[in-house]
Amino acid sequence: MTYKPRTFSISNVSRSAGEGVLDVPSLSVLRYKSPAVLLKEFKDTWGVEARAIALPVAEADGLLYEVDGLGGVPLSSHAQPSRTLKGFEDVVEEFLGAKMDIILTFCPTMGYIPGEGLQICDISGVMSPQPCIANPRSTEVLGAILGTGIDIVQQIASRKPGSGLIGIALDVTDLWGMSGQLGRVEATCFCTACTRHFAATTPELLKYFKTFPNPWSLLLRPTPTGIDFASEVSPGITPEEIVGIARQRNYIEQFPKSEQSELLEYANLLLRYMRSRQSLTLGAVGALFDYATQDLDNKFTRILIMEGETYGWTSGIWLEDLDNEFQDEENRSFDELWLNVTTGYIPRSVPYRAYMWRRSRYTINNFFDLAGSLSSASMRANTMLSQMSSEECRRLVADRWQRVHGSALSSQAALVSLPHRSGDGETGADVRRGFVGVGLDREFGDRFSDQMVILPSHADNAARPVDFDFSSILRNMQGNNGN
């Protein structure tokens, strides 16, 4: 008798994974692979065809198209992705021609909008090139960038019936950066817009965060390579539990002279800050979406790209609270989440897609931010990057890519770990719509770092010691990347 192999349940993992979206986080990817190749590789990797394509509207080093009112803002070096794809419009037309729906993604933290009037401000009053999303003027600037992208896609889609723009996604993984040294957490933002919000919602609160140590240090601890943090913090956590976490993780050493009663008061202040920061963030997100889509008849799915932590320190959002926010249909500011599914909180009401990369877009953004800094004259001259030769910078980019790609979940087997597509046991709602696969592979980073243009610095003309401590520079660069 011929033996017939059995069929196991996981053999259906691709079919049960839901709709797949191909995310192209940078148009530089199209320098090495055509849209057709990317779509084929998606099918080969995941076992299903992509339902839609996610395209950026801006890059770390500049815009991808001209925006009225932003004359002088640089165009990205990737604005012309390849010899055949001359610009953003060509990319859109190519994917629409392949019968792909489009989702536009936007990371609102670019550092090339001039002037300090829009920028975030840290605890010491130092401005950063990154715009503060809570600033009403930033809403106009960022909304115009995203809105112009929407108009471009809409215009092209009107000539190609059958596919079109179905969603717009805001990457909120790193809205509120931070840095510091042991006992000195320097978080953001203290700009005029933010301080006005806190003064109105929690009067006198910010003064407790303008000294050291401050309440942040109960759950955050600077290290030589970044910020260590406790993120498994639910919205209902008590001050006693926060102090307990601080003792458990030895963050408590940042408060050498504080008694238990004082620590509990710090914990209460921290909770008040977290709640106020979340309301500010969600309000700003909703305002940006509204501005970018004003006067349009079409309704697009509004998406937030998040890390997937229970509490996102650099997004300022409690994941669990988004379920409650979503149920308020008249006031909610989003329709869907993209997040790396972790062992923490899994959405119960908000439709979501599993982002197949650890920490979602966070580490990917850091890689492209570094590359963008090396092509910026001001960043190259005014940061520690000026102390590195072009070859050392190239090695830094290559090394960073190896670590970033180590976070990839780019295999069909990774789908096995995703929750079944059925919401909580009480409602039975099907809230997981599918997954997002990223169009990046290991070879991309190798080719990108080899071919990228790096502006020279004075270090290229200086005599370099043979035993230059490259690893120390790398650790310091990591330390400036927040958590």
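Tryptophan 216 touches Ile123, Val185, Ala187, Phe190, Phe209, Leu270, Tyr273 and Trp313, leaving out residues up to four places away in sequence; contact means heavy atoms within 4.5 Å. The model is predicted, so local features need pLDDT of at least 70 and side-chain atom pairs pLDDT 80 or more, while totals for chains, interfaces and linings use all residues. Residues are numbered from 1 along each chain as its sequence is written, and side-chain values use heavy atoms, without hydrogens and water.

Trp216 and Trp313 are among the residues with the most contacts inside the largest nonpolar core, which has 157 residues. Such a core is a set of buried Ala, Val, Leu, Ile, Met, Phe, Trp, Tyr and Cys residues joined through side-chain atoms within 4.5 Å. Helix H7 (residues 260–293) supplies the largest share of this core, 15 residues. Helices are DSSP runs of H or I with at least four residues, and strands are runs of E with at least two, numbered from the N terminus.

Helix H9 (residues 361–374) has 13 of its 14 residues buried.

Buried means under 20% relative accessible area, exposed over 50%, and partly exposed in between (1.4 Å probe, protein chains only).

Serine 389 is in contact with Arg380, Ala459 and Asp460, leaving aside its neighbours within four places in sequence.
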